[in-house]
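Q: Can we go through this one together? I'd like strands first, then the pocket.
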Amino acid sequence: MAKEHGIMFKVIHIMDKESAQNVPAPVTTYALFQNGKFLTQSIQSDKKFLALAGILE
């Protein structure tokens with residue numbers, strides 16, 4: 001969805017315990033940030049992701 005709508009998107013895979021302990025999110029299995037601000041730890045549907053990105057209201 002990000003690519004289709006021209007939204008910059010970066011995936012960071014946490015591969016070790018030390019990295020996981022330094023993530024600025026309450027849950028390390030999934031976290032969504034925008035401009036360095038934590039948005040959610042919920043996995044998003046396409047529609048919800050686009051709403052968070054400001055594409056849909």
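A: First a term: two strands pair if DSSP finds at least two bridges between them. Strands (E, at least two residues) and helices (H or I, at least four) are DSSP runs, numbered from the N terminus.

Q: How many bridges join β1 to β2?
A: Three, and the strands run antiparallel. β2 covers residues 37-40. K37 in β2 is the bridge partner of Q34.

Q: What do β1 and β2 form?
A: A hairpin, with two residues between the strands. N35 in the turn has a positive phi of about 55°.

Q: Where do these numbers come from?
A: This is a predicted model, where local features need pLDDT of at least 70, side-chain atom pairs count only at 80 or more, and totals for chains, interfaces and linings use all residues. Residues are numbered from 1 along each chain as its sequence is written, and side-chain values use heavy atoms, without hydrogens and water.

Q: Pocket next. What volume does the largest pocket have?
A: About 970 Å³. A pocket is an open set of points on a 1 Å grid over the protein atoms alone where a 1.4 Å probe fits, with protein on both sides within 12 Å along at least five of seven lines. The volume is the space filled by probe spheres set on the points, joined across faces, edges and corners.

Q: How many residues line the largest pocket?
A: 29, with F9, K10, A31, L32 and F33 nearest its centre. Lining means an atom within 4 Å of a point. β1 (32-34) and α2 (46-52) each supply at least two.

Q: And K48, buried or exposed?
A: Exposed, because its relative accessible area is 53% (exposed is over 50%, buried under 20%, partly exposed in between; 1.4 Å probe, protein chains only). K48 sits in helix α2.
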